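Here is a short report on one model.

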Amino acid sequence: MDKSHGFSLMHPSDTESEYRMLPDHVMHDLGLDVFCEKISGDAKERRMIINVLSKISSDPSVALYRQQIFRDILRLPELRKTMVELFDKIQFMRDFSTIHKTSDEEQGLWHLFHRLDELDSYIKIVETMRNCLSDERIESEGLLSLRDYISGLYEDACFEAMKKDITELKMNASDVKSVTLGINVNERFEAVSIGLVSVNKKSFKKSGIVSNFADAIASKDRINEAADWDGDMHYQVIEKEEKNSAIDSMIKNGSFLNAISSISSDTGSSSTVVNAAADGATSNATFYLDNVVNKMLGTLVKKLRDTLTRYANVAIVNISDLVPEFIYYIRCAEFISSLMDKGCIFCEAQPQIGGDISMDARGFYNLKLGVMMENIDEIVTNDLFFDEKHCVYILTGANRGGKTTITQAVGQLFVLAQGGLFVPGESFRYVPCDCIYTHFPADEDKTMDLGRLGEECVRFREMFSQATDRSLMLLNETFSTTSFEEGYYIAKDSVKALLSKGVRTVYNTHMHKLGEVAEELSLEGNGAGAASLVMRTDEGKRSFKVALAKPEGSSYAKDIAEKYGVTYDMLVGL
């Protein structure tokens with residue numbers, strides 16, 4: 001068992017409900033693995049859906065919370081469509097964005113601009129989701145809480161202000177034509193620090209190195225009093241023009257930009273600029289600029305990157321944690337909607353805390369029939385209820401008469417309802433169970449050590465020890481792998497034990513005598529009653545309808561014998 005905390009679409013935020021995982025084989029025994037395979041072609045989504053359905057709580061408020069969300073999503077297909085599109089965008093950005101990339105090699109200006117674009121997209125996703133959930137037709141507590149939750153994230157992260165800042169800051173990388181850098185020097189004219197002055201949309205104008213230098217130092221009057229830049233776009237290109245040029249000679253001798261190569265940054269960065277010669281800047285000015293800018297802006301861009309990451313985490317990480325839960329509802333709604341369009345009847349279950357009747361199912365059927373059958377009109381529906389006098393049903397009937405089908409259907413009702421989904425039937429009122437146990441025939445390779453009867457006994461004992469009066473137990477031909485006398489003896493004691501705990505049970509068996517003594521078993525119990533339930537036949541034909549009645553095994557056999565001419569009189573009269 002475990003407890004869930006925090007905001008979720010699976011349970012109300014103010015509850016501390018306990019959950020139990022259904023045993024691994026239950027979904028297969030109930031035929032719900034077929035349902036899940038049809039819901040989604042994505043293996044990861046199927047595992048998630050099975051996990052949600054398998055993790056159940058007996059708290060009615062959990063089932064009701066989920067059910068209300070499912071109802072909204074089922075009846076609002078446009079909501080489903082918009083959300084799926086948003087989730088696809090979120091997943092794409094999580095897979096291919098730079099949000100989680102922390103390599104120092106990607107801290108240049110392009111990286112910063114790209115991150116601004118991504119954050120802008122994140123904010124738009126959050127806004128679209130918030131607007132989508134503001135649909136006045138939404139009624140469920142869960143989706144209304146999700147809307148408030150997302151609005152809170154949006155406001156706490158100051159996304160409105162951030163969006164305005166992004167609009168002002170955003171520019172295309174192609175718009176950047178030049179970068180202005182400022183160098184601080186000491187009394188020996190040695191560079192002591194360097195920083196970014198501006199990012200420009202205009203290119204600098206080429207000028208002569210001699211005239212520029214002369215203009216800069218010829219007169220004290222020309223030395224700027226402040227560090228403000230006047231916007232003059234003239235500059236000198238650092239490039240290798242001729243092998244024996246003066247600049248080449250200076251670079252070769254290591255005298256040019258010597259100060260820059262030995263700079264120690266006052267920002268704490270180990271290297272804010274690079275040596276032009278060492279980095280091959282003279283042979284490729286573009287790479288030189290990239291290296292210089294990256295190293296100059298390393299600390300600045302890293303800080304901005306971390307800030308943007310925090311915003312993106314608020315926008316995406318918190319919300320993306322809810323995506324699998326939302327996908328669960330959407331995929332189930334899409335599939336159940338398709339079955340309803342096909343003609344299948346589904347209803348909204350009614351969970352309750354307790355009462356004299358712990359289950360009242362009307363017009364229900366096995367979901368596999370709705371999935372597999374082409375002609376929905378051929379589906380036979382049934383009614384069944386659990387109360388104190390009908391706590392354990394001994395279900396008998398002919399082979400292939402529908403015993404296993406209806407046993408599965410009862411379990412499906414609880415799993416689907418407690419998963420918040422609409423259930424196959426006309427109405428379903430129930431007290432949620434804390435766990436579902438199924439005891440279906442095991443594969444032969446699982447019974448090699450203990451033998452089939454030994455394996456059945458061990459498995460039943462484990463199930464019974466864990467079951468409570470809130471559990472549901474579904475037995476399919478349990479203890480039928482031995483002689484009738486032995487199987488009947490074990491089955492009779494097992495039913496008495498189930499009655500002592502008050503475990504809701506459907507026991508599908510060929511041991512008709514067990515059904516015949518159901519009332520006697522009830523008298524030995526603690527108030528919980530057993531009842532005989534039969535699959536009705538009509539003139540030897542299977543009706544697939546259940547009824548409270550004594551087993552009709554002998555009469556059914558007589559009908560079959562007469563139909564195929566194997567009674568004594570018919571045989572000797574040949």
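## Helices on the sheet

Which strands does helix α16 lie across? Helix α16 (residues 403-418) lies across β12 (392-396), β15, β16 (472-476), β17 (504-508), β18 and β19. Its direction is at about 160° to β16. Helix α18 (residues 484-501) lies across β12, β16, β17 and β18, at about 145° to β12.

This is a predicted model: local features need pLDDT of at least 70, side-chain atom pairs count only at pLDDT 80 or more, and totals for chains, interfaces and linings use all residues. Residues are numbered from 1 along each chain as its sequence is written, and side-chain values use heavy atoms, with hydrogens and water left out.

## The sheet

The open sheet has 6 strands in the order β15-β16-β17-β12-β18-β19, with mixed pairing. Strands pair if DSSP finds at least two bridges between them. The edge strands are β15 (436-439) and β19 (541-548).

Strands β18 (residues 530-538) and β19 run antiparallel, joined by 5 bridges. Methionine 535 has valine 546 of β19 as its bridge partner.

## Aromatic pairs

The model has 10 aromatic pairs (ring centres within 6.5 Å; planes under 30 degrees apart are stacked, over 60 edge-to-face, the rest tilted). Phenylalanine 386 and tyrosine 393 form a tilted pair, 5.5 Å centre to centre with 50° between the planes. Phenylalanine 414 and phenylalanine 428 form an edge-to-face pair, at 5.5 Å and 85°. Phenylalanine 414 lies in helix α16 and phenylalanine 428 in strand β14 (residues 427-430), so this pair ties together parts 14 residues apart in sequence. Phe414, Phe428 and Tyr430 form one aromatic cluster.

Methods. Helices (H or I, at least four residues) and strands (E, at least two) are DSSP runs, numbered from the N terminus. Contact means heavy atoms within 4.5 Å. Axes are lines fitted to C-alpha atoms, for helices over the stretch in contact, and angles run from 0 to 180 degrees between N-to-C directions. Rings of Phe, Tyr and Trp (its six-membered ring) pair if their centres lie within 6.5 Å; planes under 30 degrees apart count as stacked, over 60 as edge-to-face and the rest as tilted.
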